[in-house]
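This briefing covers charged side-chain pairs and one part of the surface. Please keep the structure open while reading.

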Amino acid sequence: MAIKRFTLPKPLTLPLGLVPSSLHSRMMVLALNRIFAALIRSGELDFLANKIVCIKLRDAGVALRARLLIDSFEACQDAAPSDVTISGDVYDFLLLATRKEDSDTLFFQRRLCIEGDTALGLELKNRLDALELADLRLAAPVQRLFKHAHGVADRLFG
């Protein structure tokens, strides 16, 4: 079965490009620290210690950079070289986050790509694949967002 392929319409990418990338990264770090607090405390993410991970949203023209310190993620400057970069379109990351598509399929179809330290990227991918959304104890609004985001994207871009 062919997977629908969506990219953000150009008018939606313009406002994203006006926001400094450091702000995008800081917003991502706030979410990561909240969502993965228990995993950070338990040491489950120690393999990421002091490694810079870059998430590139190709269609949005946004690159998010973060590194795990002792007890939290921190945003990194654009000039900091990434240890691993995972890139894809916003919709593909949405499919991944909502578990509507398997990560292996998205990587095999080259909709998501890993560059740099691929062993680190695969370890991250495998750890995230093993997580159940229920285990993350996401706030109710975030759970609703994940539950309905795929359908909304289908209606907007389909």
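**Salt bridges and a nonpolar patch**

Asp129 is partly exposed, with a relative accessible area of 30%; buried means under 20%, exposed over 50% and partly exposed in between, with a 1.4 Å probe and protein chains only. The model is predicted, so local features need pLDDT of at least 70 and side-chain atom pairs count only at pLDDT 80 or more, while totals for chains, interfaces and linings use all residues. Residues are numbered from 1 along each chain as its sequence is written, and side-chain values use heavy atoms, with hydrogens and water left out.

- Asp129 pairs with Lys125 in a salt bridge at 3.0 Å, N to O; the term requires a side-chain nitrogen of Lys or Arg within 4 Å of a carboxyl oxygen of Asp or Glu.
- The two residues, Lys125 and Asp129, are four apart in helix H6 (residues 118-130), which means a separation of about one helical turn.
- Helices (H or I, at least four residues) and strands (E, at least two) are DSSP runs, numbered from the N terminus.
- Lys125 is buried, at 9% relative accessibility.

- Arg58 and Asp89 form a salt bridge through their side chains, at 3.9 Å, N to O.
- Arg58 lies in the loop between strand S1 (52-57) and strand S2 (62-68), and Asp89 in the loop between strand S4 (84-88) and helix H4 (90-97), so the pair ties together parts that are 31 residues apart in sequence.
- Arg58 is partly exposed at 36% relative accessibility, whereas Asp89 is buried at 6%.

**Other salt bridges**

- The side chains of Glu74 and Arg67 meet at 2.7 Å, N to O, in a salt bridge.
- Glu74 counts as partly exposed, with a relative accessible area of 27%, and Arg67 also counts as partly exposed, at 23%.
- A network of salt bridges links Glu44, Glu123 and Arg127.
- The salt-bridge count comes to seven.

**Nonpolar surface patch**

- Leu23, Met27 and Leu30 make a nonpolar surface patch of about 300 Å².
- Patches are made of residues with over 30% relative accessible area and no salt bridge, with like charges joined within 9 Å and nonpolar side chains (Val, Leu, Ile, Met, Phe, Trp, Tyr) within 5 Å.
- Accessible areas come from the Shrake-Rupley method with a 1.4 Å probe, and for residues only the protein chains shown count as cover.
- Leu23 is in helix H2 (residues 21-35) and is partly exposed, at 34% relative accessibility.
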